[in-house]
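Me: I keep meeting terms for parts of a protein model. Let me ask what lies behind each one.

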Amino acid sequence: MSASVVAVFGPTASGKSAAALRVAEAIGGEIVSCDAMQLYQDLPILTNQPAEAELRRVPHHLIGMWPLSHEGSVAEYGELARDAIDAVLGRGKPAVVCGGSGLYLRAALAPFEPPPQPAEGARERLEQLYDEQGAAAAHRLLAQRDARAAAAVHRNDRRRVVRALELAEQGHSLAPAESTLWTSAYRRPTRVFGIELSADTVRERIAARTRSMFENGVVDEVRRAREAGPFSSTAARIHGLQDVSALLDGVIDEEEATRRLDTRTRQYAKRQRAWMRRLPGVHPVSSVKEMLEAAAA
């Protein structure tokens with residue numbers, strides 16, 4: 001194998017976790033997760049964490065390590081991931097980095113300086129501005145302060161408009177003219193594989209996974225997590241939590257919760273495919289066999 005680190009990226013439900021497991025077994029490696037939400041405890045079904053049998057087959061790192069009250073960040077994750085990778089390599093084994101969170105993949109593989117955290121109270125103030133004055137007014141303000149970011153962010157994307165305004169206040173941009181985000185200057189010799197499946201195949205797999213979550217008890221899982229205590233703002237963004245919570249609150253029924261989660265997951269997969277197209281040096285593969293052959297070369 002020509003690389004000490006093998007990274008497996010792809011849209012949700014593309015089979016990247018199974019592929020990474022097979023690759024790690026084949027090359028004697030250990031898996032380091034770069035899934036932002038699998039870092040959290042107590043929601044293994046909702047975050048699609050590896051089963052106990054899979055964890056026994058290959059050592060996994062950075063799975064289920066933070067309580068749901070923990071305010072995580074990509075900067076904190078990056079330090080943990082780089083330490084985990086170095087520890088695996090220090091044991092004389094290759095590291096297999098796997099997940100679908102593009103920014104976390106970037107933080108794990110390369111030197112990374114994350115954008116600054118908002119000044120105290122800035123987020124709440126800008127969210128209030130967005131809610132009270134409206135999306136159009138907030139977006140106009142962004143256009144005045146950072147035209148490039150305004151062109152890249154839709155006015156109805158509340159989270160990104162607020163984040164862009166935060167950055168603009170600190171002299172930074174959500175869409176800088178020159179970005180070092182997409183880099184192949186990895187810390188260690190690395191090969192990045194991107195799983196490419198047809199949109200129809202991914203859509204079918206997402207639908208099957210969503211049904212499986214409800215059949216396997218995701219509603220009870222979320223109920224227990226909500227009863228245990230509050231969620232941090234980062235944990236509150238766990239994919240699907242909003243929809244299952246709406247079901248538990250009696251706002252929607254299970255059929256609607258399933259439909260919403262399926263739709264959100266398909267939208268997320270589309271964004272992941274966009275990330276993958278922009279990753280430098282990515283080796284596209286469509287099967288585990290193809291990845292195994294390339295990883296062993």
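Predicted model: local features only at pLDDT ≥ 70, side-chain atom pairs only at ≥ 80, totals over all residues.

Me: By class, what residues make up the lining of the second largest cavity?
Reply: Four are nonpolar, one is polar and two are charged.

Me: What is the volume of the second largest pocket, and which residues line it?
Reply: The volume is about 150 Å³. The lining consists of Pro44, Ile45, Asn48, Gln49, Arg209, Ser212, Met213 and Asn216. By class, three of these are nonpolar, four are polar and one is charged. Pro, Ile and Met count as nonpolar, so Pro44, Ile45 and Met213 fall in that class.

Me: Why is Asp262 called buried?
Reply: The relative accessible area of Asp262 is 15%. Buried means under 20%, so Asp262 qualifies. Asp262 lies in helix α12, residues 254-278.

Me: Which residues does Asp262 touch, not counting residues up to four places away in sequence?
Reply: Asp262 touches Ile206, Ala207 and Thr210. Contact means heavy atoms within 4.5 Å, so each of these residues has to meet that cut-off with Asp262.

Me: Why is Pro111 called exposed?
Reply: Pro111 has a relative accessible area of 53%. Exposed means over 50%, so Pro111 passes. Pro111 sits in the loop between α4 (102-109) and α5 (122-133).

Me: Which residues is Pro111 in contact with, leaving aside its neighbours within four places in sequence?
Reply: Pro111 is in contact with Arg106, Ala185 and Arg187.

Me: What separates the C-alpha atoms of Pro111 and Asp253?
Reply: The separation is 45 Å. Along the chain, Pro111 and Asp253 are 142 residues apart.

Me: How do you know that strand β1 is mostly covered?
Reply: Count its residues. Five of the five, residues 5-9, are buried. Val5, Ala7 and Phe9 point one way, and Val6 and Val8 point the other way.

Me: Why do side chains alternate like that?
Reply: In a regular strand the side chains alternate between the two faces of the sheet.

Me: How do you know that β1 and β4 pair?
Reply: Two strands pair if there are at least two bridges between them. β1 and β4 (residues 95-99) have five, in the parallel sense, so they pair. Val5 has Ala95 as its bridge partner, and Val6 has Val96.

Me: Which other strand do five bridges join to β1?
Reply: That strand is β5, residues 190-195, and β1 and β5 run parallel. Phe9 stands opposite Gly194 in β5.

Me: What makes β4 covered on both faces?
Reply: Ala95, Val97 and Gly99 are on one side, Val96 and Cys98 are on the other, and all are buried.

Me: How many bridges join strand β2 to β4?
Reply: Four bridges join β2 (residues 30-33) to β4, and the two strands run parallel. Pairing needs at least two, so β2 and β4 count as paired. The bridge partner of Val32 is Val97 in β4.

Definitions and conventions: Residues numbered from 1 in each chain as written. Heavy atoms only, no water. Buried < 20%, exposed > 50% of the residue type's maximum accessible area, 1.4 Å probe, protein only. 1 Å grid on protein atoms, 1.4 Å probe; cavity = no way out; pocket = protein on both sides within 12 Å on 5 of 7 lines; lining within 4 Å. Points joined across faces, edges and corners; volume = space filled by probe spheres on them.
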